[in-house]
Amino acid sequence: IKLRRQYTLAGIFKNMYELRAKKCRLRERYINRRRMLPADIKKERDDKICSFLLSLASYRYSDIILMYYPCKDEVDIKSVIVQALSEGKKVALPKCRKEDRSMQFHFINSLDGLNQNGAFGMSEPPDTLPAYDPELDSRPAVCVIPAIVYDKEGFRIGYGKGFYDRYLPSFSGTKIGIAYNDFIIDKVPRGKYDLSADVLITEKGITAINTK
C-alpha cells in the first residue's frame, strides 16, 4: 500500500509539473506575440473591446465593476473605468499581497492617486480605500479578468501568480474575459481548480460561455 501511495504521489507531482511547463511555454509565446503588436493596431483593438464591454448587458445592469489597471501590453480598458465612474457605478481595482498571495478589490473615485509601485510593478489603489467584499455585498457585479491567452471555453492563462484563481471562487457575479481575437486558442492546459469566464470579449465581438 505504501509503495502504491508513493507511485500515486509521484504521478500527481509529474502531472502538476507537466501542466505548469505547458502553461509556461504558452505564456511566453503569447507574451512575445502581444509585445510585437504595432501600437496603432493595438489601440484599434483596445477601442473595439472597450466598446463591446460597455454594450454588454451584464455590465450595464451591474452596480459594481471589478476591473484592472492595464500594465505592459495588456488590453487597455482605462476608458471603461472612466466611463463607469462617470455613470455612477462603483469601480474597484485589485490590490495584491505578496506575503499571502491574496487579492482584494478597493473602490476608487478616479484614476488619480493610485500607487504606481504596487505588487509586481502594477498600479494599485491604496488599501485605505473601502474594500469590496463579494460574500457580503449582494449588489449585481461583474469582474473583468485580464489574461495572456484564453481558450474557447473561457479558461485562461495569466501570469502564473494565481491571484485570480484564489479570488474568483468567492465571486458570484459575471466573470468577463477579454483578449485579442488571435489570443483565443482551442484549449489551454487546465487544472481541476481552474475556473472559466462566463463571457469572452475580443475586438471581433462577444461570446457567451456560461449562462446564469
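Modeller: One term before we begin: helices (H or I, at least four residues) and strands (E, at least two) are DSSP runs, numbered from the N terminus. Also, this is a predicted model.

Biologist: Okay. Where does Lys72 lie?
Modeller: Lys72 lies in a loop, the one between β1 (64-66) and α4 (78-86).

Biologist: Is Lys72 buried or exposed?
Modeller: Lys72 counts as exposed, because its relative accessibility is 71% and the cut-off for exposed is over 50%.

Biologist: Which residues form the positive surface patch?
Modeller: Lys72 is one of them.

Biologist: New topic. Which helix holds Tyr164?
Modeller: Tyr164 lies in α5, residues 163-167.

Biologist: And is Tyr164 buried or exposed?
Modeller: Tyr164 counts as buried, because its relative accessibility is 9% and buried means under 20%.

Biologist: How many Å separate the C-alpha atoms of Tyr164 and Lys95?
Modeller: They are separated by 11 Å. Along the chain, Tyr164 and Lys95 are 69 residues apart.

Biologist: Now the open sheet. What is the order of its three strands?
Modeller: The order is β6-β5-β8, and the pairing is mixed.

Biologist: Which are the edge strands?
Modeller: β6 (156-157) and β8 (184-185). Each of these pairs on one side only.

Biologist: In what sense do β5 and β6 pair?
Modeller: Antiparallel, over two bridges. Strand β5 covers residues 149-151.

Biologist: Which residue in β6 stands opposite Tyr150?
Modeller: Arg156 stands opposite Tyr150.

Definitions and conventions:
Residues numbered from 1 in each chain as written. Predicted model: local features only at pLDDT ≥ 70, side-chain atom pairs only at ≥ 80, totals over all residues. Heavy atoms only, no water. Pairing = 2+ DSSP bridges. Patch = residues over 30% accessible without salt bridge, like charges linked within 9 Å, V, L, I, M, F, W, Y side chains within 5 Å. Areas by Shrake-Rupley, 256 points an atom, 1.4 Å probe, with all protein chains shown as cover. Salt bridge = Lys/Arg side-chain N within 4 Å of Asp/Glu carboxyl O. Lys, Arg positive; Asp, Glu negative; His and termini not counted. Charge placed at Lys NZ, Arg CZ, Asp CG, Glu CD. Buried < 20%, exposed > 50% of the residue type's maximum accessible area, 1.4 Å probe, protein only.
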